[in-house]
Protein chains: 2
Amino acid sequence: MKTTADFNMVNAYIPGRANVGPATEAMIERRNALLGPAYRLMYEHPLHIVRGDGVWLMDPEGRRYLDVYNNVTSLGHCHPAVTEAICRQVQTLATNTRYLHDTILELAERLIASVPGTDLAHLMLTCTGSEANDLAYRIAKVRTGGTGVIVTDTAYHGITDAVSQFSPSLGVTVALGPHVRLVPAPRLYHAEGADLGERFARDVEAAIADLQRHGIKPAALIVDSLFTSDGILPEPAGFLKGAVEAIKRAGGLFIADEVQPGFGRTGEHMWGFQRHGVVPDIVTLGKPMGNGQPIAGLLATADALAEFGKHSRYFNTFAGNTVSCAAALAVLETIERERLLPHAAHVGQLLRDGIAGLAARHEAIGDVRDAGLFVGVELVSNRATRAPDRGLTSRVVNLMRDKGVLLSACAQGHNVLKIRPPLVLSAEQAGMVIEALDASLAEAQRTPQALA
Amino acid sequence: MKTTADFNMVNAYIPGRANVGPATEAMIERRNALLGPAYRLMYEHPLHIVRGDGVWLMDPEGRRYLDVYNNVTSLGHCHPAVTEAICRQVQTLATNTRYLHDTILELAERLIASVPGTDLAHLMLTCTGSEANDLAYRIAKVRTGGTGVIVTDTAYHGITDAVSQFSPSLGVTVALGPHVRLVPAPRLYHAEGADLGERFARDVEAAIADLQRHGIKPAALIVDSLFTSDGILPEPAGFLKGAVEAIKRAGGLFIADEVQPGFGRTGEHMWGFQRHGVVPDIVTLGKPMGNGQPIAGLLATADALAEFGKHSRYFNTFAGNTVSCAAALAVLETIERERLLPHAAHVGQLLRDGIAGLAARHEAIGDVRDAGLFVGVELVSNRATRAPDRGLTSRVVNLMRDKGVLLSACAQGHNVLKIRPPLVLSAEQAGMVIEALDASLAEAQRTPQALA
């Protein structure tokens, strides 16, 4: 059962590595038998979750876990505004976009209003972020006549056949397409004083040139605007500008993948790309869009969509259904009503500062970075060389879980703690995260072999 | 606005063709501005729907329409068993497959139990039928080392980048992949006495040989087991056998797309492929699976999945979420509790017989065929030549809508009425369909130019 694919996934459960107890083991065996070999669980001791409430997840024994990982339930688990919208709509009408209905139009109006200063004019809906990126790629191909795609070296954009070919973080056993080029992610912590924006633009230009040298016309540069799976790379804001200009000069589209950074996560803006002062041709949306209800989509300019609309009609049975749209509308209203952007900015800063404060005691903390409520903590074995400490990161993630705090890791070196809580996390709860991290780092360094 | 893509879609609303009134026109304009040029509405006069209840859909003026088209809401719109399951679960927990939970395992057990006599052993979940077919194709490529796909000439399997390349019914402006071969759909009504199974097998063998001649290894034969978009082609049961043997001999997989025929639609079995006595390597599931809640997936043999599981981990954030699984479980329980299979068989036969009875009065009815509650009515301009009457079909569909009965059309000639009601349709309601069809055929033939 231990395959390359297991080890490439950060924080995957690996069978036989730890004693999980007979009940969990039986459930895992039953699950493997039913769901087959491609599914993965998280943590050395996988969690059985039966209830969610705000920032908390509960197991069958009633033990509760502070969830600082799931941005899907961005308003908190089971937020009443969303559950009420879903229950009301599911009892009234659940149908599709081949009939007229109002909710999808209100949703589109609100989302288009959230991207001032761009030409983004149309909303198209899908059910998943993967489908959104897949559709964005189809649109880019029709618009540009090209097929070439440029992404960062540990990017994740989804799991359809097309999108998995430009999601290198799925690991070396999932082949990249011959039309795909990787560029190094813009990692300030490892930039050694270089101008990150200039370097990233140069790398994208080189990728464009290489595509063209192979007779492949560039269709798009696609980036997660917070570079989540590359290790959460927010700074310096503005570094995307040169790269975006480069792809546009080459006739390609710039696609901002906001599946993880979007819906207010950065605290300052609704969308991550807005921090960089760039203007995308397409913006893809997903995870927190329905606070758990399957809904995703994209915003596109009229120019990007015109040709596609002439060639292809678009219908996705469940996408834009009345229930999912009602959930998404409730999410947007709640973000505004509960003033979650300033809240995320405030609590995000407390969290970041608190963790940065731990660096004095914990030599392993190489870098702490954030944008709003998205915090990355890079753990190193040596501050001078900035060498990744993957083993320590894994131990810390699992010790945090044992202490009742759920997070995970990311980055090429698997050594960046990924802290991406529901936006409603309180200052007090941020303090609990800092405290648990302090204790976990101390414990992980005392007993380095315990879980490695 | 009149593009090839519009005209290729059966029963699409075409702007300017009919006077829809100022309110509807304003709403359509608002929608076009917000959703862009790729979306399509149905009917000459698009419907604004605000409520659903059982087999009925309601517009804002309270006019009700008998819905004999939407198999998604297969138990009827807003079935209480499903709305209660969704409301209960959405207030308890909406989370993903990276944690253990029970509902997905119960769902898998039930679905695997529904395919006795096969080696189908694992369930994988997606959010849409498109994603299910996309994943099936990824799995087939890894298992076989091939890329070649064989589908029927008017097949529809979905809209991801990969799947749209083997969905010829999207029209000539959406390019087929170079690795895709089309075979004629097995149309008994046009077979002129030939052995349909033999002919279909021979066509698939020729497609395999042509792929191989081009250096392309076959990965899969994919068919909708009721050939929905090809015109609803159920008979003679068994005609799939030779073709399935041929693809297996060539090292490819047989994928049964049950997105439309599945979940009891045929009345006799849960799945359409079971009528043919064939054994698929992969079965894809969708539309009625959650009675409107976005959930889809596939069943696969251990053999088909083994290699994929070694190479690729699979995670789809919303797929297999606790809420969608609860909805799907409620659907399976309801199909059993309400004995919907025998009901579908019974009412389907009444509907088919009633419509066949109209053929004595309406020369245009060339053929009536069904499997359970899936009825196709082929309209011809000449019974001897069996020439398709596309214009009449479109008029009948729109007259039926005006009389309060919702159906649509399909097939290469756009001349087969597609009647696919919720499984709970009553005998009395079947009578209403027959009566409305009788009147619509009479009226369409009296005023041939009215809507064409």
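Mentor: Start at the hairpin that β12(B) and β13(B) form, with four residues between the two strands. In its turn, R386(B) has a positive phi of about 60 degrees. A word on names: helices (H or I, at least four residues) and strands (E, at least two) are DSSP runs, numbered from the N terminus. Keep in mind that this is a predicted model, where local features need pLDDT of at least 70, side-chain atom pairs count only at pLDDT 80 or more, and totals for chains, interfaces and linings use all residues. Residues are numbered from 1 along each chain as its sequence is written, chains are lettered from A and ligands numbered from 1 in the order in which they are written, and side-chain values use heavy atoms, with hydrogens and water left out.

Strand β13 of chain B covers residues 387-388, and two bridges join it to β12(B), antiparallel. Two strands pair, by the way, if DSSP finds at least two bridges between them. Look at N382(B): its bridge partner in β13(B) is A387(B).

Now follow β12(B) to its other hairpin, the one with β11(B), which also has four residues between the strands. Here G372(B) takes the positive phi, near 60 degrees. β11(B) is residues 365-370, and five bridges tie it to β12(B), again antiparallel. D370(B) stands opposite V375(B). That V375(B) has a partner in β16(B) too, namely I419(B). Strand β16 of chain B (residues 416-419) runs antiparallel to β12(B), and four bridges join them.

What about burial? Six of the eight residues of β12(B), residues 375-382, are buried, so the strand is largely enclosed by the rest of the structure. Buried means under 20% relative accessible area, with exposed over 50% and partly exposed in between (1.4 Å probe, protein chains only).

Finally, zoom out to where the chains meet. The contact (heavy atoms within 4.5 Å) takes 101 residues from chain A and 101 from chain B. Together they bury about 8,900 Å², 60% of it on carbon and sulfur atoms; buried area is the accessible area (1.4 Å probe) that two parts lose on being put together, summed over both. There are six salt bridges between chain A and chain B, each a side-chain nitrogen of Lys or Arg within 4 Å of a carboxyl oxygen of Asp or Glu. One of them links K141(B) and D161(A), with the closest N and O atoms 2.9 Å apart.
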